[in-house]
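Please walk through how the two chains of this model meet.

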Protein chains: 2
Amino acid sequence: MKAMAQERPKVIILGGGFGGLVAAKTLARAPVDVTLIDRQNYHCFQPLLYQVATAALSPAEIAWPIRHILRQQDNATVLMADVTGVDSAARLVQTNAGPMPYDYLVIATGAMHSYFGHDEWEPVAPGLKRIEDATRIRRTILVAFERAELTHDDAERQRLLTFVIVGGGATGVEMAGAIADIARQTLANDFRRIDPRTSRIILLEAGPRVLPTLPEDLSDYAARALTRMGVDVRTSTRVTNCHQGGVDLDHGRIDAGTIIWAAGVVASPAARWLDAKHDRAGRVIVRADLSVPGHPDIFVIGDAAEVRDKVGQLVPGVAPAAKQMGVYVGRLIAARVAGKSSPVFRYRHLGDLATIGRRAAVVKFGRLHLKGFVGWLFWSVAHIYFLIGVKNRFIVAFTWLWDYITFQRGARLITDVPGGDEAKAQS
Amino acid sequence: MKAMAQERPKVIILGGGFGGLVAAKTLARAPVDVTLIDRQNYHCFQPLLYQVATAALSPAEIAWPIRHILRQQDNATVLMADVTGVDSAARLVQTNAGPMPYDYLVIATGAMHSYFGHDEWEPVAPGLKRIEDATRIRRTILVAFERAELTHDDAERQRLLTFVIVGGGATGVEMAGAIADIARQTLANDFRRIDPRTSRIILLEAGPRVLPTLPEDLSDYAARALTRMGVDVRTSTRVTNCHQGGVDLDHGRIDAGTIIWAAGVVASPAARWLDAKHDRAGRVIVRADLSVPGHPDIFVIGDAAEVRDKVGQLVPGVAPAAKQMGVYVGRLIAARVAGKSSPVFRYRHLGDLATIGRRAAVVKFGRLHLKGFVGWLFWSVAHIYFLIGVKNRFIVAFTWLWDYITFQRGARLITDVPGGDEAKAQS
C-alpha cells in the first residue's frame with residue numbers, strides 16, 4: 001500500500017461521466033487528494049450508446065475503465081462503490097464500503113430516464129442510459145425478429161415487426177433511424193419466412209416537432225429524412241399507457257412488440273442526499289459557481305444540476321455542458337485551495353446534432369446549419385475525435401467505414417440478462 | 001413469406017456450433033430443406049472464448065449471427081428456439097415453438113462444463129462454454145481487484161487477490177496465463193491501495209501434468225513458462241470442495257476470491273432425448289457412420305458424440321473434429337438422398353495447441369513441435385484464419401497487435417448479469 005499525504009485537502013467526486021472525469025483531470029496538478037467514486041468501473045461515451053443498442057458497436061468500443069483513464073494521475077484514486085448518502089454536517093460521503101471524509105465534494109451523478117410517474121412502464125419500454133440498457137434494447141429488437149420468424153399467427157407476426165420509439169429528441173430520432181436501417185438493409189436477406197423490410201417503425205413525439213432544441217428547418221429536414229427511410233413520424237401524439245401488447249395513445253392504440261423509451265430523464269438522487277432545492281426533473285438548483293446554496297464546498301454539475309446561462313436559459317443536458325462544468329469546478333477548487341477566487345460559471349453552447357440513419361445527420365454549429373451526408377461526416381468526425389483512447393477511435397472509425405460499405409452491423413448478439421428468459425424464443 | 005418446396009427431404013440440424021454450421025453449409029447444393037435450430041442467435045468461436053473472459057476481446061468479435069452466416073444459402077432456414085426432445089417414432093423435433101418434422105436429424109448440441117456431480121459448485125466456480133460464461137468470468141476477475149482496492153482487511157485483500165483455476169487442460173492453461181498477464185502487466189499501475197502484481201494465480205491439475213493431450217516435452221515447457229510468469233502450477237492436486245471462501249484440496253485449502261472451473265465437460269442431453277447408449281460424459285456412442293444405433297437417419301456429431309478412430313482412440317472434443325464430422329454427415333445425407341452410399345467416418349488429427357500468456361504457445365502439428373514466440377505466432381495466424389468474417393479477422397488481428405504493443409486489454413467492463421449484485425462492490 002502506498003502512503004497517502006494526509007494533510008492535503010480531500011476532493012471527492014461522485015460519478016465518472018463526462019463532468020466527473022473532467023473535474024478529476026482538471027485537478028491533476030492541484031495539491032489535493034482526489035477520490036472518484038462510481039458504481040460502475042467504466043466511463044461510458046453516452047452519445048454513441050444508441051449504436052450499441054442497435055448492434056453497430058460493441059460496449060467495449062464506447063466504454064473504458066475509469067481507473068485506466070486516470071492511471072497516470074498520481075493524486076487520483078478511483079473506487080467502485082455505491083453511494084448511499086451525504087452527511088454534509090460531518091463532511092462524509094456514505095458508501096457501501098463505509099463513510100469517506102471530504103473537504104470538497106463534486107456531485108456528477110447524472111440522470112436516468114423517467115416515466116413521468118409511470119415506473120410500471122419500465123419493464124416493457126426500456127430507456128437508454130447505461131451499457132446494460134443498450135444491450136437489453138439490442139436483445140429486445142433482435143428477439144422480436146426471431147420470434148416473428150417462428151410464429152404462425154399473422155397478427156402476432158405483424159405486432160412483433162412493429163417498433164415504437166417514444167420521444168422525438170436526439171435519442172429517439174437516432175434510434176428510429178437505426179432500427180429502420182436494421183430492418184430495411186442489415187437484416188433484409190437474413191430471414192426465410194418473414195421480410196424484415198415490411199417492419200413498421202413508429203416515432204411518437206408529444207410536441208409539435210422532432211428535435212425541438214434544433215432550429216425548425218433542421219427539425220423539418222429530420223422528419224422528412226426519417227419518413228423517406230420508412231419511419232412513421234407522428235408528432236403531437238401523446239402516449240397514455242405502455243403494456244405487453246403495445247402502446248395506448250390519447251387517440252387510438254398501436255400493437256407493438258418493441259417499445260423504446262426516449263421521452264424524458266430525471267436527475268440522480270443528489271437533491272435528496274443534500275435535502276436541497278430542485279426542479280421538477282430532480283436537478284439540484286445550484287448557485288452561479290455551481291455550489292449548492294448553504295454548502296459552499298459542495299458542487300453539483302452535469303445532468304444532476306439545474307444551471308442557467310446569463311439570459312436565464314437552461315443549460316442543456318449534453319456532454320459539452322457537463323465537461324465545461326467539470327473544468328470550471330476543478331479550476332475553482334484549485335483556486336480556492338490556493339487562496340484565490342474564481343469568476344462565475346459561463347456556459348458556451350457549441351451546437352446541437354443528431355444522426356438520422358446511416359448517412360444523414362443534422363448539425364447546428366454556431367450559425368452553421370448542416371444536413372444530409374455532410375452533416376453525417378461532421379457528426380462522425382466529431383464523435384470519433386471525442387472518444388477516449390486511440391484504439392477505440394481507430395476501431396470505431398474502421399467499423400463505421402466497414403458498415404457503411406457493407407450495410408452490416410457486427411454486434412448482433414442476443415445475450416442473456418437479469419430476468420433472463422426474454423432471450424428465449426417463444427411460440 | 002416465401003414458398004417452400006414441400007416435397008424435398010427435410011434435414012433438421014440442432015446446434016449452430018462448428019459441427020452444425022459446417023453440416024448445414026455442406027448441404028448447400030443438395031436437394032434438401034435444411035433447418036438449423038439453436039437456442040442462441042449466434043455461432044461462437046469457442047477457442048477464443050477465454051480471451052473474452054480475460055477482457056482482451058469483445059463478445060461480438062468472436063460471435064456472428066448464424067442466420068447471417070447462412071443468409072445466401074437458399075435451402076437453409078435458421079430458427080432460434082429451445083429443443084425439448086426428439087420423437088424418433090414420429091420423426092419430430094419438439095421445440096418451444098411447436099413440433100418440427102424431419103427426414104434426417106443431425107444433433108450437434110455440444111457439451112457443457114461438468115462438476116462431476118457437484119453442481120452446487122457452479123455459483124462459486126463458473127466454467128467457460130458460452131458468451132455469458134465469459135462475460136461472467138470477466139466481471140468476477142475485475143470485481144475481485146475492485147473489492148481488494150476497497151477493503152481495509154489485510155487477510156480479505158489477500159484472499160481477493162488469489163485466483164484459482166481448476167483444471168490444467170488448454171482452457172485452464174490459457175486462463176491462468178491470461179490472468180497472470182492482467183495482474184502483472186495490464187493492471188499494474190491502475191490501483192492506488194493495492195499492487196495487482198502481488199496477486200496469486202494458482203493452477204490446479206488432478207493428473208500428473210498440464211496439457212495431458214500434448215507430448216511431454218510441450219507439457220513441461222508450458223508448466224515452466226507458466227511458473228516464470230508467476231503462476232503457481234500444482235499437478236496431482238485434487239479439489240474436494242469449492243465454496244465462497246475458496247477451494248478445499250485433498251491436502252489443505254486455498255483461500256481465494258475467484259475460482260474458475262476448467263476441469264470437465266458433459267455432453268448435451270442428446271442421449272436422453274434419444275434414450276441412446278452413452279458414455280460417462282453423456283456422449284452418445286455412435287456407429288462408424290456417426291448415426292445412432294437403431295436410428296439410421298439420426299446422426300450425432302461433435303462434442304455430443306463418442307467417436308473412436310480406427311485404432312480405438314477417442315476423437316477429441318476440438319473444433320477441427322466437429323468440423324470434419326459436419327462435412328462427413330453433410331456429404332453422407334447428400335449421397336443418401338441421391339441414392340448413393342458413403343464410406344465410414346475417418347478422423348484426421350491435425351494437432352494440438354494452447355497459448356500461455358501474451359507471447360508464448362505450445363503447438364503440436366503433425367511431427368512439428370513449436371513453443372514460445374514462434375508457437376504463439378502460429379497460434380495467432382491459425383485462429384485469425386478460422387474466424388468468421390473478414391471484419392472480425394481484421395479487428396481481432398489489430399486488437400492483438402495493439403495489446404501486444406501496449407500491454408492493454410480493451411474490454412475491461414464490469415456489466416450487470418442475472419443475479420446482479422455481484423457487480424456491485426462490497427466492503
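B:E146 and A:R67 form a salt bridge, with their closest N and O atoms 2.7 Å apart. A salt bridge here is a side-chain nitrogen of Lys or Arg within 4 Å of a carboxyl oxygen of Asp or Glu. The pair crosses between chains, from helix α4 of chain B to helix α3 (residues 66-69) of chain A. Both B:E146 and A:R67 are buried (under 20% relative accessible area; exposed is over 50%, partly exposed in between; 1.4 Å probe, protein chains only).

This is a predicted model: local features need pLDDT of at least 70, side-chain atom pairs count only at pLDDT 80 or more, and totals for chains, interfaces and linings use all residues. Residues are numbered from 1 along each chain as its sequence is written, chains are lettered from A and ligands numbered from 1 in the order in which they are written, and side-chain values use heavy atoms, leaving out hydrogens and water.

The rule finds two salt bridges across the interface of chain B and chain A. B:R67 and A:E146 also meet in one, at 2.7 Å, N to O.

Now take the whole contact (heavy atoms within 4.5 Å). Chain B brings 66 residues and chain A brings 66 residues. About 6000 Å² is buried between them, 58% of it from carbon and sulfur atoms. Buried area is the accessible area (1.4 Å probe) that two parts lose on being put together, summed over both. B:R67, B:M80 and B:R192 supply 14% of the area that chain B buries against chain A, more than any other three residues.

Terms used
Helix = DSSP H or I, 4+ residues; strand = E, 2+ residues; numbered from the N terminus.
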